[in-house]
Amino acid sequence: MSETESKNFIEQIIDKDLAEGVYDTVHTRFPPEPNGYLHIGHAKSILLNYGLAEKYHGKFNMRFDDTNPTKEKVEFVESIKKDIEWLGADWEDRLFFASDYFDQMYEAAVKLIKKGKAYVSDLSAEQIKEYRGSLTEPGKEDPYSSRTVEENLKLFEEMKAGKYADGEKVLRARIDVASPNINMRDPVIYRVAHMTHHNTGDKWCIYPMYDFAHPIEDAIEGITHSICTLEFEDHRPLYDWVVRELEYPKPPKQIEFAKLYLTNVVTGKRYIKKLVEEGIVDGWDDPRLVSIAALRRRGFTPESIKMFVELCGVSKSNSSVDYAMLEYCIREDLKVKKPRMMAVLDPIKLIIDNYPEDSSEEVEIPNNLENESLGMRKVPFGRELYIEREDFMEEPPKKYFRLFPGNEVRLMNAYFVKCTGCVKDENGNVTEVHCTYDPASRGGNSPDGRKVKGTIHWVPAAEAIRAEVRLYENIIDEEKGVYNEDGSLNLNPNSLTIKKDCYLEPAFADAKAYDSFQFVRQGFFCVDAKDSKPDSLVFNRIVSLKSSYTLPKQA
């Protein structure tokens, strides 16, 4: 495979532009609107734009497209900055806001009016929609389009001065009301909106429309390749018209790529807002969501998300990716990096009757069998331990190799123990399992060579740390799909299981927010950054240990 063939279509366009001298550098940007938290789809755009700037030794800008003060909040600005920094995209000293350029945008609109390329209209939003026509019918001439340049300049100045109410007047670009592309039928480029802006306060009562503002922002910043998602493909002729009519010397080039769609997840801002407001989730960063903040809190790593985005690739056609692929990436990232430690999520006490009372020892355990560099740790071992309730059965089925009366198993890295029986409460529930141990089998092997079929993990009862563990399933009922017929969400009632009295080995005592571990036999877990406290640890399950998922074969 040649180098050209292995490059995605955006890289091929950039190579051609550089070779032909259209641009002599590469300058990209990520331009979110601060009206909500970013999600996994935005991660693809961030990493794509930043990755191209890095690859071509160019520059990457961070810019907030804050032209719509109705939905924007400083909270969202701060969360977006945090997400992008966490993903490792470095904008250096290039953090911008569209609102930084409101003066230039106003001047650009005046320039269009003077060129006879824009006019003030008194039509209402409904009338503009009606005059614009449809996909099958051409638009009609705006009755106000014949206003003179002088009249338009005066009216636009009055709009800026606050003389008109919201919706009373708009500025439209004069392009072609009969264009087959509905976006080119004299689009609105400025509207009256008496609103306080999070960045410019009450300086403005007119605001530019996104399709007018965006190309100007790109041109002012010297962006070369304005990379966006496919829904903007039909807007590209308008983008090109704006930069051409405003006569920018090296206009940016818009390139569209396919969005990242994940199966059975909720990414729509209004749906997430509803889940938050109804208390179904505990915020935009609830670990069941796929906002970047939620993935970080759940325990996903920037490396796993980069791997996922690379596996998805860059293409021109929309497709969906299975959520299991994201889980595959986090398993791959964590399995050799993190220690494998013992945690008992549904505890029952195991008492070794022939182990000396008031005595204990330390057993040495490798932190990760696949990565020797993580070293060893010592875990206290004594007469009383906790094991998983499912690791004992009084009357086991065939092929059950764990503890049952008369059976011998290995306590991981410790000793062989043989079950002698159990103690029950008045309701018949097992409260204690009793066994004896073979002192000669220390380390988990017997000198006489006898084998056992079962190995179970444990934690020492006296030194164990109590913790809360949260087990997550998809918030969506996968069998029914994301939406009901009425548009509401098909929620999975079992999306969160909270286990309050779990016991962990004492090495967890120093665990801090975002620290992650493999719990032996249980999965990968992360210390919850919101609710965990040093004296009452809370862990989120990032992902279970195994999956039937395999990577699709490359064509």
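Select Arg298 to begin. Leaving aside residues up to four places away in sequence, Arg298 touches Pro287, Arg288, Tyr323, Tyr472, Cys526, Asn540, Arg541 and Ile542; contact means heavy atoms within 4.5 Å. This is a predicted model, where local features need pLDDT of at least 70, side-chain atom pairs count only at pLDDT 80 or more, and totals for chains, interfaces and linings use all residues. Residues are numbered from 1 along each chain as its sequence is written, and side-chain values use heavy atoms, with hydrogens and water left out.

Stay on Arg298. It lies in helix H11 (residues 292–298); helices (H or I, at least four residues) and strands (E, at least two) are DSSP runs, numbered from the N terminus. Arg298 is buried, yet has no salt bridge. Buried means under 20% relative accessible area, exposed over 50%, partly exposed in between (1.4 Å probe, protein chains only). A salt bridge is a side-chain nitrogen of Lys or Arg within 4 Å of a carboxyl oxygen of Asp or Glu.

How many salt bridges does the rule give? The count comes to 56.

Select Lys115 and Glu247 next. Their closest N and O atoms are 3.0 Å apart, in a salt bridge. Lys115 sits in the loop between helix H5 (102–114) and strand E4 (118–121), and Glu247 in the loop between helix H9 (236–245) and strand E9 (253–257), so the pair ties together parts that are 132 residues apart in sequence. Lys115 is partly exposed, at 34% relative accessible area.

Move to Lys169 and Asp122. This salt bridge spans 3.3 Å, N to O. Lys169 is in the loop between helix H7 (149–160) and strand E5 (170–173), Asp122 in the loop between E4 and helix H6 (125–131); the two are 47 residues apart. Buried or partly exposed: which is Lys169? Lys169 is buried, with a relative accessible area of 8%. Asp122 is partly exposed at 24%.

Then pick Arg402 and Glu390, a salt bridge with closest N and O atoms 3.7 Å apart. Arg402 is partly exposed, with a relative accessible area of 26%. Glu390 counts as exposed at 54%.

Last stop: Glu478, in the loop between strand E23 (465–472) and strand E24 (496–504).

Note on methods:
Lys, Arg positive; Asp, Glu negative; His and termini not counted.
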